[in-house]
Amino acid sequence: MPLLRLDRLLASQGEGSRKEVHALLRGGRIQVDGKIATAADQKVDPAQQRITVGGRALHWRAHLYLMMNKPVGVISASRDPKARTVLDLLPPELRLPGLFPAGRLDKDTEGFLLITDDGVFAHDILAPRRHVEKVYLATLDKPADDTDAAAFAAGLVLEDGLRCLPARLWLGEGTEAYAAVREGKFHQVRRMFAACGKQVLRLRRTQIGGLILDPALAPGEARELSEAEVELIKLHKESTRDFNNL
Ligand code: URA
């Protein structure tokens, strides 16, 4: 891998702003392969070299993957001149450069939002032909039924004539229903239910690929995903290749 500037690397891993990292360097708190580092522009290979901050080993990650339980009323964008964005909700230690929401949830949709700085991964899980399912729990104005499930499976046509890929619908308690879709057209799930004559009163994304929203995350909270959890998103992609035969 290409060598990285030490100060830039440490800032990208959440060890503080560049200014704070420079103070750590001046204080002799950073070591590279057992030697105290003082030069901010020292070039390092974090995959090969042992870097410590105040005696603690830096666990280097090429990319960061966060699971957020998005609350209603916040927009899924990196920045907005007026409105509060999902990135504004991140605590300072997770608010690292280059992060963006991988796929949008509407302002009034809640639940699992993936935030990352890995553009390739984001593209991979969002592209419909990659078959990564996103599961939504919808509360409707009236109960869905088997006819709706058949219409979802056949590929619904929305009110503007757009045809959706086949999707799965299964019935929950009362007026709740789960929809699993693998594309992200504008207001897609709401419009799919509207095409079945049902209004969505509340919409929550509960799962991306094989990874379920952590119930311990309160609305607005986020946490880093482990490597195994990131793999779960991708693994599920493989297992749903035969989507049309499900
Ligand atoms: N479908 C919708 O209608 N809204 C969302 O936010 C996501 C999927």
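Predicted model: local features only at pLDDT ≥ 70, side-chain atom pairs only at ≥ 80, totals over all residues.
A residue counts as buried when its relative accessible area is under 20%, and at 6% relative accessibility Phe-121 therefore falls in that class.

**Helix H5**

- Helix H5 spans residues 188-195, and because 6 of its 8 residues are buried, the helix is largely enclosed by the rest of the structure.
- The buried residues of H5 are Gln-188, Val-189, Arg-190, Arg-191, Met-192 and Phe-193, and they pack against helix H4 (146-154) as well as strands E9 (109-116), E10 (134-140), E11 (168-171), E12 (176-181) and E13 (200-208).
- Just after H5, Gly-197 adopts a positive phi of about 80°.

**Largest pocket**

- The largest pocket has a volume of about 420 Å³, and its lining is made up of 21 residues, of which Arg-104, Leu-105, Tyr-136, Gly-184 and Lys-185 lie nearest its centre.
- E10, H5 and E13 are the elements that give two or more residues to this lining, and the largest share, 3 residues, comes from H5.
- Sorted by class, the lining of the largest pocket holds 8 charged, 7 nonpolar and 6 polar residues.

**Aromatic pairs**

- The structure holds 3 aromatic pairs, one of which is formed by Tyr-65 and Phe-121 in an edge-to-face arrangement, with 5.2 Å from centre to centre and 75° between the planes.
- This pair links distant parts of the chain, since Tyr-65 belongs to strand E7 (residues 65-70) and Phe-121 to helix H3 (residues 119-126), 56 residues apart.
- Tyr-65 counts as buried at 14% relative accessibility, as does Phe-121 at 6%.
- Another pair joins Phe-152 and Phe-193, whose ring centres are 5.2 Å apart and whose planes meet at 50°, so the pair is tilted.
- Here too distant parts of the chain are linked, with Phe-152 in helix H4 and Phe-193 in helix H5, 41 residues apart.
- Phe-152 counts as buried at 0% relative accessibility, and Phe-193 likewise counts as buried at 1%.

**Cysteines**

- The structure holds 0 disulfides; the sulfur of Cys-164 has its closest cysteine sulfur in Cys-196, 9.7 Å away, which is too far for a bond, given that a disulfide requires sulfur atoms within 2.5 Å.
- Cys-164 is buried, with a relative accessible area of 3%, and Cys-196 is also buried, with a relative accessible area of 16%.

Methods. Residues numbered from 1 in each chain as written. Heavy atoms only, no water. Buried < 20%, exposed > 50% of the residue type's maximum accessible area, 1.4 Å probe, protein only. Helix = DSSP H or I, 4+ residues; strand = E, 2+ residues; numbered from the N terminus. Contact = heavy atoms within 4.5 Å. 1 Å grid on protein atoms, 1.4 Å probe; cavity = no way out; pocket = protein on both sides within 12 Å on 5 of 7 lines; lining within 4 Å. Points joined across faces, edges and corners; volume = space filled by probe spheres on them. Nonpolar A, V, L, I, M, F, W, Y, C, P; charged D, E, K, R; others polar. Phe/Tyr/Trp six-rings, centres within 6.5 Å; stacked < 30°, edge-to-face > 60°.
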